[in-house]
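Good morning, and thank you for joining this meeting. I would like to present one structure, beginning with a surface and then turning to the chain behind it.

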Protein chains: 2
Amino acid sequence: MRPTVHDIAAAAGVSLATVDRVLNQRPGVRHVTREKVENAIRELGYIRDVAAANLAKGRTYPLVFILPASDNSFMHGLNAEIRQAVLRSPAERTDIRTIEVPAFDPTALVSVLEELSREKPCGIAMVATDAPDVRAAVDRLVRERFPIVTLVSDLTGSLRHHYAGVDNIAAGRTAARLLGRFLGPRKGEIAVLAGSMLVRDHRERLEGFTSVLAEEFPDLAILPVLEGRDDPEVAHRLVTDALGNAGIVGVYSLGAGNRGLIRALKEKSVDRTLTVIAHELTPHTRAALLDNTIDAILNQDAGHEVRSAIRVLKAKADGLAVIEAQERIRLDIFLKDNLP
Amino acid sequence: MRPTVHDIAAAAGVSLATVDRVLNQRPGVRHVTREKVENAIRELGYIRDVAAANLAKGRTYPLVFILPASDNSFMHGLNAEIRQAVLRSPAERTDIRTIEVPAFDPTALVSVLEELSREKPCGIAMVATDAPDVRAAVDRLVRERFPIVTLVSDLTGSLRHHYAGVDNIAAGRTAARLLGRFLGPRKGEIAVLAGSMLVRDHRERLEGFTSVLAEEFPDLAILPVLEGRDDPEVAHRLVTDALGNAGIVGVYSLGAGNRGLIRALKEKSVDRTLTVIAHELTPHTRAALLDNTIDAILNQDAGHEVRSAIRVLKAKADGLAVIEAQERIRLDIFLKDNLP
DNA sequence: GATTTTTTGATTTACGTACATCAAATTTGG
DNA sequence: CCAAATTTGATGTACGTAAATCAAAAAATC
């Protein structure tokens, strides 16, 4: 049977109340006594029964998700996953609130963070906008002992406890290798469709993509990036224009707005064979993968990201360890054969 | 605040004891009264606080893992993950025991299952050997209300509650498409290295592989399968022999024993370019992927499988729902750029 | 050495559920 | 309608921890 507080009290030769004071870092314990208790805890291998403690405390975990107000399938999916998590709240003792902030607006994000520092949630998950002000605000909150995880887009160099998202440089590199290998000996040009180069994840994907292509597939040249602003209409126009260039043999779509891309491809590619890699599995990209308009889809599992963020925040709030391997968000590669 | 048993008692106009009798299906409650209580439960949306219940019951979850006594890296990894889970047992209230049975021995497996039916663990996770006797034994246990999940290798057609493993047909299909696309216009022969065709997962991978290759890459012919019995030495010999055939352009290794394969490839392929797809990420295959001996690795995450099996068994034991998406084991595709 | 301050002990209640006991009420059978 | 059987209520204890209160003991201060 695992030891309880009573066993600790007995072993340390102190009362239950003192053990409680030590465990919950309450004042009024002499240094030597505190050490006696801590030794007993270590020797008996005591671990607090979190379930019983939460029951006694009537604890809930108030969590806040800060998301950009972007209208694309990925963000919709992320929102849906958060709603699913809210449905599980009673069982998980969470109390989840979502705050939307204008996209790409560091100032707005910072002011939300500052507001939260007064409200005292027990954890914050945020899609980070990469700016010095944001980094400073996050660091300040972390120092005030707020658990913070970044979601989907990281804030490198900050003190955030964890990042629940994929390695976007690796994603770009993977896309490049897949495209390069699929094209084999063919030479030609590659069109890259991004949302905006202001977004860190898009920049990173591009960075990974270009470096592998340059190093290992010198016969493939990257055309100037098309910034489709994650808007299907814009993407459609840009891709249609680009495909006028007969030298294009492949397309890498590293952002959202794939609906427009797919439409453009279907109109143009009746007579030519293009190799296409896109990000994010949605009903549209899935259909395009199945009908061979797209050759591979790279994806991050929004559900996993949300569940992972919640698990990590709860663990940090309780000062517990996380299972690193479980919280690693992988880059999913889908061909038409391994779709979920 | 979520409702408690007291609220149910008040709402149904009965005593706490009666609510308890209904909740824990104890006898001595008239039909009408039981319905009153059940209505109140439904109307108030009562959900039992599993943590508090487990505390009161002093409940632990005795789980059994049944594994084949196979000496290959994947099974070693699986074992290691189970040991990790054992370390987490105190916090998760699990009590995990592992039983090894001779591989490919339905009779041994059945007798272990029969023994377990007396011992009453609250859940069983098993690497299934695909045989009618095993299926019958599993079905019998399921009817006796034992939660059972199959692990790594499924028992199709049985009543098992869940399968914690990858779709091996999809894995084979994916391997075929990757190989076909990587080879592009090249024609030639493909060597397939398997462990044993007696193992269901290997048969399924081969099935998926051959069907996609036949349908979509008619220029690639599959040579007779090499059965390496997951033994590096045997694999080395078989592959070395096969590579005498100058027409071979690709290799698909769908089982274990990759150490022998890799050695054979390094010896032979100085002068030729082979495209190689292998299963299971191990230190050896990882190194081979990085030095371009292997082009892609398909993998199943043993850690995820073990954790998932435990979550599902606990949920089934408590009659709770599982998060389907969370328990889906994906086929990981690793190129050298997205290694974990 | 008396007084104040700090530290410790003893005890109680609570969280939400499980489970046991015994008495009281109700229903059923004859 | 009475006795027997069944159903229900009332109550208490337990699980492991948190948190509060008040008294007692020890240490520090003057």
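Predicted model: local features only at pLDDT ≥ 70, side-chain atom pairs only at ≥ 80, totals over all residues.

Let me begin at the DNA.

In total, 25 residues surround DNA strand D. The closest of them are Thr4(A), Ala53(A) and Ala56(A) from chain A, with Ser15(B) and Thr33(B) from chain B. As for composition, the surface near DNA strand D has 13 nonpolar, seven polar and five charged residues.

I now turn to chain A as a whole. Its secondary structure comprises 15 helices and 12 strands. The chain has 340 residues, of which 45% count as buried. Along the principal axes, its C-alpha atoms fill a box of roughly 85 × 40 × 35 Å. If we take the contacts in chain A between residues at least 6 apart in sequence, 70% of them join residues at least 24 apart.

Within this chain, I would draw your attention to one sheet. It is an open sheet of five strands with parallel pairing, in the order β2-β1-β3-β4-β5 of chain A. At its edges stand β2 (94-101) and β5 (162-164) of chain A, each of which pairs on one side only. On average, neighbouring strands of this sheet are turned by 20° against each other, direction ignored.

Strand β1 of chain A, residues 61-68, pairs with strand β3 of chain A, residues 123-126, in the parallel sense and over four bridges. In one of these bridges, Ile66(A) has Met126(A) in β3(A) as its partner. Helix α5 of chain A, residues 73-87, packs on the sheet and touches β1 and β2 of chain A. The direction of helix α5 makes about 170° with that of β1(A).

Finally, let us consider where the two protein chains meet. Here 30 residues of chain A are in contact with 29 residues of chain B. Several elements of chain A each supply at least two residues to this side, among them α4 (50-57), α14 (302-318) and β12 (332-334). Which element gives the most to the side of chain A that touches chain B? It is α9(A), with six residues. By class, this side of chain A has 15 nonpolar, six polar and nine charged residues.

Notes:
Residues numbered from 1 in each chain as written. Chains lettered and ligands numbered in written order. Buried ≥ 20, exposed ≤ 12 C-beta atoms within 10 Å, placed from the backbone. Contact = placed C-beta atoms within 7 Å. Pairing = 2+ DSSP bridges. Axes fitted to C-alpha atoms, helices over the stretch in contact; angles between N-to-C directions. Nonpolar A, V, L, I, M, F, W, Y, C, P; charged D, E, K, R; others polar. Near = placed C-beta within 6 Å.
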